[in-house]
Amino acid sequence: YEYLELPKSIVVSLKHVALRRGTVLDQQVIYRHQVLPFDSVRLKQARERVRSYLENNDVFFNGAKEKATRESAIGIKQAWSINHLDPVKQEQNWRTIEGVALIMKEFPEIKLKVQGTTTESKPPANQQLADFFNLDRDTQVPMIMEKLAYERAQACKDALVARGVPSASMSVESEASTGEMKVDFIPYTDAVVQASATLPQLLVGEKFSLATVDSGEGSISGWEPAGCVRTGRCDFTVDPEGQDEVVLKLRPRDATVHVTPVSIFDKGGYNHWMHGCPPSFPEAVEYSLKHTVSNVEKLSGRLPTRTRTQLFTSDKVMDGERYVLSLWSTALALETRELMARAGGTEVVVQLRPREARLKLTLKLAASGVIAEGLTLQIV
């Protein structure tokens with residue numbers, strides 16, 4: 001959730017657990033509290049600095065299938081070693097690490113997510129990788145690729161630690177089959193809110209439940225409770241000693257997106273000379289969904305055409321955030337749509353048109369002479 005804006009305040013309701021079905025306390029307790037002191041400008045500066053730096057700097061790894069990797073001193077581990085076997089790329093790797101480390105040292109209050117991703121890989125996977133991770137090269141390819149992505153991200157984190165970035169300020173994530181083989185560095189801050197309110201008239205030993213409420217301007221809309229730290233849920237029991245502390249963690253609310261790719265010829269109204277005899281339409285198209293602000297690809301894959309499909313958006317697409325949806329195929333032109341994702345569902349119908357080409361026609365006479373006027377050309 002590193003690109004989401006934190007809410008400035010929230011509204012929380014308190015309900016009696018036993019009476020929550022249809023009945024609440026006589027007077028529902030609602031209170032506001034502010035987000036902990038947090039400089040969003042500093043976070044944006046850190047993100048922009050890192051993003052700009054990575055435009056011309058990257059981390060390179062030897063491929064698991066390379067002969068040089070197999071024959072290296074550390075074997076398959078070379079596939080996630082910062083010390084690339086090519087001296088030029090090894091120097092570039094450490095220059096990238098040192099540049100990111102210098103930026104993060106300027107923002108000690110900001111954390112850094114090191115995220116490894118891999119492209120989609122078809123079975124069988126590399127045998128050495130499969131053996132190292134103790135996985136099956138034919139049936140567990142996604143797990144093998146995810147572990148490779150994790151090892152590469154972890155190697156970058158270890159390198160950053162070696163350059164003075166505190167280990168506690170960094171986290172490591174990995175994901176396979178995202179369409180891109182890389183390690184990314186993403187500054188972020190924890191979405192922590194200050195829960196400070198005194199709730200009177202609560203009976204000792206009784207169970208209550210906290211929940212966020214949408215109630216007008218200033219309240220949160222795209223956030224929901226993730227649970228109380230102490231109990232793992234949003235329910236708590238009043239302490240017999242008369243004091244109780246409940247920490248309500250928040251997470252962005254998942255959004256739902258439905259996409260229907262259709263042909264521009266399907267409903268008429270498209271003025272084209274092939275309207276009466278439309279070209280064939282592919283059964284599936286490629287798609288990509290990117291966050292508008294960060295330009296980070298959150299989803300990608302293939303979608304069936306002329307079918308309403310729900311994208312798998314859990315923990316990837318968040319309520320209230322803007323995204324850019326792109327659809328294309330070899331026979332169809334690229335179409336993009338900007339959308340606002342909503343928890344209640346966002347419907348997107350994309351009309352796709354054939355990719356147009358240019359035809360150069362050259363007429364040559366079999367014998368010298370003048371081309372007659374009124375030639376008729378028919379393209380079938």
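These legends walk you through several close-up views of a predicted model. Residues are numbered from 1 along each chain as its sequence is written, and side-chain values use heavy atoms, with hydrogens and water left out. Because the model is predicted, local features need pLDDT of at least 70 and side-chain atom pairs count only at pLDDT 80 or more, while totals for chains, interfaces and linings use all residues.

**View 1. A three-stranded open sheet.**
Here the strands follow the order β4-β3-β5, with mixed pairing. Strands (E, at least two residues) and helices (H or I, at least four) are DSSP runs, numbered from the N terminus, and two strands pair if DSSP finds at least two bridges between them. The edges belong to β4 (170–175) and β5 (182–188); each has a single partner strand, so one side of each is left without a neighbour in the sheet. From one strand to the next, the twist averages 20°; such angles run from 0 to 180 degrees between N-to-C directions, with axes fitted to C-alpha atoms, for helices over the stretch in contact. Look next at β3 (residues 111–117), which pairs with β4 in the parallel sense over six bridges.

**View 2. Helix α5 and its residue Ile144.**
Helix α5 (residues 141–162) lies across β3, β4 and β5, and runs at about 160° to β4. Within α5 you will find Ile144. With 0% relative accessibility, Ile144 counts as buried; buried means under 20% relative accessible area, exposed over 50%, and partly exposed in between (1.4 Å probe, protein chains only). Setting aside residues up to four places away in sequence, Ile144 touches Ala125, Leu129, Ala130, Phe133, Leu135, Asp136 and Arg137, where contact means heavy atoms within 4.5 Å. Ile144 and Ala176 are 32 residues apart along the chain, and their C-alpha atoms are separated by 8.5 Å.

**View 3. Ser169, in the loop between α5 and β4.**
Ser169 sits in this loop and is buried, with a relative accessible area of 16%. Its side chain reaches the backbone oxygen of Pro166 at 2.7 Å. This is a polar contact: a pair of N or O atoms within 3.5 Å, where within protein one must be able to donate a hydrogen and the other to accept it, and residues adjacent in sequence count only if both atoms are side-chain atoms. Leaving aside neighbours within four places in sequence, Ser169 is in contact with Lys111 and Leu112.

**View 4. Helix α3 and its cap.**
Helix α3 (residues 87–105) has 19 residues and reaches 27 Å from its first C-alpha to its last, close to the 27 Å expected at 1.5 Å a residue. That expected span is 1.5 Å times one less than the number of residues. At the N-terminal end, Asp86 caps α3, with a side-chain oxygen 3.0 Å from the backbone nitrogen of Val88. The buried residues of α3 include Trp94, Ile97, Val100 and Met104.

**View 5. Backbone details in the loops.**
Most residues other than glycine have a negative phi, and most peptide bonds are trans. Pro123 and Pro124, however, are joined by a cis peptide bond, with omega about 0°; Pro124 is in the loop between β3 and α4 (127–133). Asn134, in the loop between α4 and α5, has a positive phi near 60° and counts as exposed at 69% relative accessibility. Arg306 has a positive phi of about 55°. Its place is the loop between β12 (297–304) and β13 (309–310), and at 48% relative accessibility Arg306 counts as partly exposed.
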